[in-house]
Amino acid sequence: HYCSSFSTGEAKWVASPVEGYADKLSDKSWLKIIRTPPEKMTPHHWRETKNSFIEATPMQFASTLGRQAQKQPIRFAKLSLHFPDNCYASYISAVLRAQQRQTEETPCADVELTSELIRRFSKTDNDEIFGVIADIVQTRASEQWPEDILQTIKAIALKPLKKTETIVSSNEHEKSAHSLYTHMLNKAQGRAIRAITSLLFQNYAYFNIFEDAITALASESEPYMLLALLDCSAACYNIDKDYAISLFKKLVASDIQVTISHNTWQIICRDFQNDPGFYRQSLIDGIESGVDDLGKHAASLLCATAVY
């Protein structure tokens with residue numbers, strides 16, 4: 001990140017002491033950094049260079065580690081298996097993020113090794129880590145994940161929300177229905193539901209694993225969770241039409257804001273003729289919600305139903 005130099009007014013990078021030559025560090029050197037307790041580092045002691053402020057803090061080391069792990073995902077996946085159990089959480093998430101996407105230039109760890117990482121680090125009660133685990137499976141949903149990893153994603157989705165994680169659901173306080181996506185992507189539970197949705201689009205057989213969790217989560221009160229589930233209903237439609245429609249209607253009845261989802265039309269266009277009254281009224285409710293982006297979205301969908 002950037003920091004302003006009070007003496008010159010210039011914006012400069014804040015970097016770790018190993019930034020710039022991280023590619024030369026051995027595994028042993030990285031483990032020495034990672035095994036150093038945060039309290040042993042000196043966050044208030046930094047030095048200024050021409051282009052940056054050098055700061056020896058876990059946050060800055062994690063940032064450098066993350067960039068290096070993106071260049072060498074497999075190396076750092078293997079190295080992370082030797083991280084201490086109580087290490088700084090962002091060291092773990094930095095390595096996990098590097099396992100999200102497979103590319104020819106920098107292939108990440110295969111399913112077997114990535115599953116080892118997930119098994120180990122899912123034991124850490126840390127929402128940052130849980131969220132990245134969900135992101136890995138979501139972006140690599142086409143791969144064949146072991147059932148215990150699927151059960152881990154399910155457990156993350158079902159993880160009880162902390163009081164500090166709840167948000168105001170009333171339309172009086174939600175200025176934008178699209179803001180629910182921001183809430184969803186900032187919460188491990190929402191990201192786990194996204195992973196489940198991607199998995200269901202890829203493999204219908206997974207429905208037997210996730211159906212009970214989806215049903216239980218449909219009783220959630222947080223709108224961003226309901227929004228994630230509405231996307232999931234579109235995936236369920238290809239597997240169990242009646243279940244998907246029932247789920248969709250329950251979610252819409254719980255909070256009209258969830259119809260901001262781009263998947264709303266995927267259900268409406270397929271089932272509109274079976275219950276036109278429900279869908280028309282739901283869209284009218286969206287138009288009259290007082291939430292600007294939702295109103296416009298609902299109006300466009302209502303116009304589209306005219307062809308039916």
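This is a predicted model: local features need pLDDT of at least 70, side-chain atom pairs count only at pLDDT 80 or more; totals for chains, interfaces and linings use all residues.
Residues are numbered from 1 along each chain as its sequence is written, and side-chain values use heavy atoms, without hydrogens and water. Local features need pLDDT of at least 70 and side-chain atom pairs pLDDT 80 or more, while totals for chains, interfaces and linings use all residues.

Start with the chain. It comes to 15 helices and four strands; these are DSSP runs numbered from the N terminus, helices being H or I with at least four residues and strands E with at least two. Of its 308 residues, 51% count as buried (under 20% relative accessible area; exposed is over 50%, partly exposed in between; 1.4 Å probe, protein chains only). Contact means heavy atoms within 4.5 Å. Among contacts with a separation of 6 or more, 72% join residues 24 or more positions apart.

Now take helix 1, residues 27-34. Trp30, Leu31, Ile33 and Ile34 are buried there. They sit on the same side of helix 1 because they cover an arc of only 155° around the axis, taken from the directions from the helix axis to the C-beta atoms. Lys28 and Lys32 are exposed on the other side. The buried residues pack against helix 2 (58-71), helix 3 (73-80) and helix 4 (89-97).

Next comes the core. A nonpolar core is a set of buried Ala, Val, Leu, Ile, Met, Phe, Trp, Tyr and Cys residues joined through side-chain atoms within 4.5 Å. The largest one has 93 residues, and Phe83, Tyr91, Leu200 and Ile214 have the most contacts inside it. Helix 11 (residues 223-237) gives this core its largest share, eleven residues. Beyond its neighbours within four places in sequence, Phe83 is in contact with Leu31, Ile34, Leu65, Tyr91, Ile92, Val95 and Arg120.

Finally, the rings. The structure holds six aromatic pairs. Rings of Phe, Tyr and Trp (its six-membered ring) pair if their centres lie within 6.5 Å; planes under 30 degrees apart are stacked, over 60 edge-to-face, the rest tilted. Tyr88 and Tyr91 have ring centres 5.3 Å apart and planes at 75°, so the pair is edge-to-face. Tyr88 is partly exposed at 27% relative accessibility; Tyr91 is buried at 1%. Phe278 and Tyr279 also form an edge-to-face pair, with centres 5.3 Å apart and planes at 80°. Phe278 is partly exposed at 23% relative accessibility, and Tyr279 is buried at 1%. Ring pairs link Phe248, Phe272, Phe278 and Tyr279 into a cluster.
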